Amino acid sequence: MPADLSLHQEHRNQQDAFRPDRPADISLAAPRRRPGLAARFLAWLTPGKQSRPRRPTTRHTGESTGKPTRPADDPENKDLGMARTLISQDRYGFVLLRQAMGQIADDDARAAWQALNTQMALIPAGSVPLMLCDGSFTAADLEGFYLDHCAVTNRQFQRFVLSGAYDDLQIWPAEVWPSVARFTDLSGRPGPREWADGKFPAGKAEHPVVGVCWYEAVAYARWVGKRLPTAAEWQKAGGWPEQLSGGMCNRYPWGNMFEPARTNLSASGVGQTTPVREYPSGATPNGIYQMTGNVWEWLDDPLETIPCQTGEYFQSWKPLRRIIGGAFNTYFPSEATCQFVTGQGELDRRENIGFRCALTLGHLRPLP
Amino acid sequence: MSRSPLLSEYNRQRSDYACPLCGGHTYEGEPCGSCFLPFKVMESIRSRPHPPRFVVVLGPTGVGKTVYLGMLLDLLSRGVGGLQGLSRSPYSLTLHRNLILALQRQRFPEKTPLETDRWNWLHCEILGPRGKGAADIVTPDVAGEAVMSEMENPGTNKTIRALISRCAGMVVLVDLVEVVADGQSQELFAMQLISYLDALRPGRKKSRKLEVPVAVVFTKADLFEEWISDPELFARGNVSSLHAQCQARLEQCSFYCSGVAGSSAKLVDDSGQESLVPLRVEPRGIVEPFAWMVSKLG
């Protein structure tokens, strides 16, 4: 075992002594081969293979009750059915997995498709022009995919927190295990940095969750059966390239001219996050909100360079991931375009960075 | 006999106005012979009904004086923080323009040249919250080396000396990264500046503190994961000698943190030279020290 992992194990073992709610079957003694969440859910969807206790959230309100709550795989949820429970938690991505077709009833699949169509927008397959760091363009061909209409909210993220996901290392990439224990809120409990006592700030249920690092965003996306979008996908969804008019992307979801009334940037004067469904006039034609403004959003891509001149090379002190879209305190509107290249440290938990999720169309079962 | 087209020591046209910074004699079209205040600045000051307040923004090389001043100008021009700044002459916009053009290319501006006559000056009319004129502010973007040189050998840079001896307020910039990384050099430099300010204001009773308002601003705070919510507490714990000196010698002193880039990285060129680059612009803590100082100017 690597030295850092053994140290981490020792640290977590000490912590476990004070955490009676931590599942007893998670051991860091030897990182064993993990089947992945999709396989795990396939197993759960098969009768007789349910497993561990968890702490999910109060449905609908998302407010913490302070009491242990029911997880998706809690035996008490059997009356609702596993698939329906997953759908009620916005985890319909698992129900719609092509591999799960044989285990999901058609009614459940229809309900999952309905949930998906309510919360996500389809971006058809096609080509998108990407600018390279030397200023030239290259065309990227994309599969069709779905993108969340809105950034993930505090209310949605609270389900993830209350499910005990911060204690379930299976959904975290192995390289971040030593850091997961530090992903705490103001009171030292697992959760986004700006929260306290495991609860989001009052009145901000529908605001985008912020104060989460790239790994927390990835873990949430995995937990709901989705993934983070790529920069090319973001550009295609927000830039809305039309092949009949040259195939170039718009700078903003509504066009090429900046209009402060359509978004929440520094120029709009709001100075803080707003609910994710505000600024409908700034949405894309297929109803994706706030692809410009309110909060920066994590992308899947690493930040490897920014536009450089000949003979210049980009370096960073730590691994960076791309973020996009601009936030309430973004000073230059030109930094909030669908093409702007910037990034943030993977472990940084800033008050102006959130995320939304994507799903590849080809991984989903057809509508029954 | 025709008049010589060349001006000499004997036929230069002497101005009717004294230098607004040092009070020395001036000649039309020329910088002040004593403190080297540029003629364009004197001309701009003469066009105003009231004499301006000189404010200095000082700190060592690389601390971020140009970025701080340029960003301040941009924010003031947008009326951020309850203050509106109106540039009183075109040269004031040079610094502003250079910074914004650089930041938009995800770069920081070039280093300020050492030569006094190549410094950018700004002359800005500051309007208060109700649109009333609060003050005219004049300040140069000085080279850090010139400040260092004046600290080490007082009198070698007459502009810096004149500014420190006549300024109505001082902003002392301290590089937060260096404070955290390698200890005392930034702190000692700031202490030198305050001592020098004190030394150039003689005539006070021994027990009286210096009345010039001094804002100590920790720059590059954006490079840290957590924003420092209480800069004075930070100062007390991390630059304790500077904090104690401010308490002992200054009547009005306040501590701030500032940052311009939301995130930074570096570029390396073929020769191995490294330069810091801003990955995006999210200014914070820029106007606050200035607004505090303007409020103290009366």
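Student: How many residue pairs are in polar contact between chain A and chain B?

Tutor: A polar contact is a pair of N or O atoms within 3.5 Å; within protein, one must be able to donate a hydrogen and the other to accept it, and residues adjacent in sequence count only if both atoms are side-chain atoms. Between chain A and chain B the count is 19 residue pairs, both residues at pLDDT 80 or more.

Student: Which strands of chain A each supply at least two residues of the side that touches chain B?

Tutor: Strands (E, at least two residues) and helices (H or I, at least four) are DSSP runs, numbered from the N terminus. Here the strands are β6 (312-315), β7 (320-324) and β8 (342-345) of chain A. β6(A) gives the largest share, four residues. By type, this side of chain A has 15 nonpolar residues (Ala, Val, Leu, Ile, Met, Phe, Trp, Tyr, Cys, Pro), seven charged (Asp, Glu, Lys, Arg) and ten polar (the others, Gly among them).

Student: What should I know about the model and its labels?

Tutor: The model is predicted: local features need pLDDT of at least 70, side-chain atom pairs count only at pLDDT 80 or more, and totals for chains, interfaces and linings use all residues. Residues are numbered from 1 along each chain as its sequence is written, chains are lettered from A and ligands numbered from 1 in the order written, and side-chain values use heavy atoms, without hydrogens and water.

Student: How many residues of each chain are in contact?

Tutor: Contact means heavy atoms within 4.5 Å. 32 residues of chain A touch 32 residues of chain B.

Student: What area is buried between chain A and chain B?

Tutor: Buried area is the accessible area (1.4 Å probe) that two parts lose on being put together, summed over both. Here it is about 2,500 Å², with 47% from carbon and sulfur atoms. In chain A, W317(A), Y331(A) and F332(A) lose the most, together 29% of what that side buries.

Student: How many salt bridges are there between chain A and chain B?

Tutor: The criterion is a side-chain nitrogen of Lys or Arg within 4 Å of a carboxyl oxygen of Asp or Glu. The count is two. One of them joins R107(B) to E312(A) at 3.0 Å, N to O.

Student: Which strand of chain B pairs with β6(A)?

Tutor: Two strands pair if DSSP finds at least two bridges between them. β6(A) pairs with β8 (residues 259-269) of chain B, antiparallel, over four bridges. Y313(A) stands opposite V268(B) in β8(B).

Student: What is the strand order of the open sheet in chain A?

Tutor: The order is β8-β7-β5-β9, four strands with mixed pairing. β8 and β9 (353-354) of chain A are the edges, each pairing on one side only. β5 (residues 296-302) of chain A pairs with β7(A), antiparallel, over three bridges. W298(A) has I323(A) in β7(A) as its bridge partner.
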